Amino acid sequence: METRRLGRTGHMSTIVIFGAAALGRVSQKEADAALEEALEHGVNHIDVAPTYGEAELRLGPWMEKIRPDVFLGCKTTERTKAGAREELHRSLERLRVDSFDLYQLHAVGELVELEAALGPGGAIEAFIEAREEGLVRYLGITGHGSQAPAVQAAALERFDFDTVMFPLNFILYANPTYRRDCRRLLDLARRKDVGSMVIKAFAKGPWKNEAEKTAIEGCAYATWYEPFDDQAHVRRCLNFVLSQGVTGATNAGDVRLLPKILDAAERYQPMSEAEQVELVGTASAFLPLFT
């Protein structure tokens, strides 16, 4: 699997980053099988958060064995210094590790949240102290929603983050405003040598109703959105986001989709401009994940 440099961190991350949200509602046996498969395919970057159900506990036994071999990123939705510090230590304990390679402000979707996290007594103060103490090496920011790219661009102008993580797929890219904000963020990240990671690369759109959600394979995917699950679309989705120059993309939040995503990664081919335009031109057939 191809690797790409994660900005100034210097880490050569695989183009598929193991998104541990997929482990949030599975058994340890299912988690073990998914991690074994990802590692066999060379995945060397893991992303987890305390809000991902039991994911930290599922990863804990593995971290004791593979910690030196993987780049480990974790997150917090806490916006205060005290809250962030407490959650960081709790995550270290649950994951059975001494430090993180990357610690991120998680799900910062609006400027008001950014102001709180970066202001006096905000979470960023805990981040800086943790870095000084050797508990984390690099600092990042993640976000969901339609404002995520714009908020992260504002964040890079206010603080020297090492990485960003935001939603991107060909359907979102079809929206002119979202496309403009993504381009601006990626340009800023390149100029500042900031690593860029993508979530929701395989999102088809919001579920239309509960009946539709449970109809697929007789049970719902563990994703809050409907994912693409045919191999052709999975491959096109990954080819598209990686052709935007990002470091990598996390897998969808269901372990059943992991084999198709890993296959797509090992067959990755950059999309030409014409191919990208053609794919984006099909976006009107789908509902956008965010409005």
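A residue counts as buried under 20% relative accessible area, as exposed over 50%, and as partly exposed in between, with a 1.4 Å probe and protein chains only. By that scale Asp263 is partly exposed, at a relative accessible area of 26%.

This is a predicted model, in which local features need pLDDT of at least 70 and side-chain atom pairs count only at pLDDT 80 or more, while totals for chains, interfaces and linings use all residues. Residues are numbered from 1 along each chain as its sequence is written, and side-chain values use heavy atoms, with hydrogens and water left out.

Asp263 forms a salt bridge with Arg267, at 3.0 Å from N to O; the term stands for a side-chain nitrogen of Lys or Arg within 4 Å of a carboxyl oxygen of Asp or Glu. Arg267 is also partly exposed, at 48% relative accessibility. The structure holds 19 salt bridges.

Arg8 sits in the loop between β1 (3–5) and β2 (12–14), and Asp160 in the loop between α6 (148–158) and β8 (163–167), so their contact ties together parts 152 residues apart in sequence. Helices (H or I, at least four residues) and strands (E, at least two) are DSSP runs, numbered from the N terminus. Arg8 is partly exposed at 25%, and Asp160 is partly exposed at 48%.

Another salt bridge joins Arg184 to Glu157, with the closest N and O atoms 2.6 Å apart. Arg184 belongs to helix α8 (residues 176–192) and Glu157 to helix α6, so this pair ties together parts 27 residues apart in sequence. Arg184 is partly exposed, with a relative accessible area of 41%.
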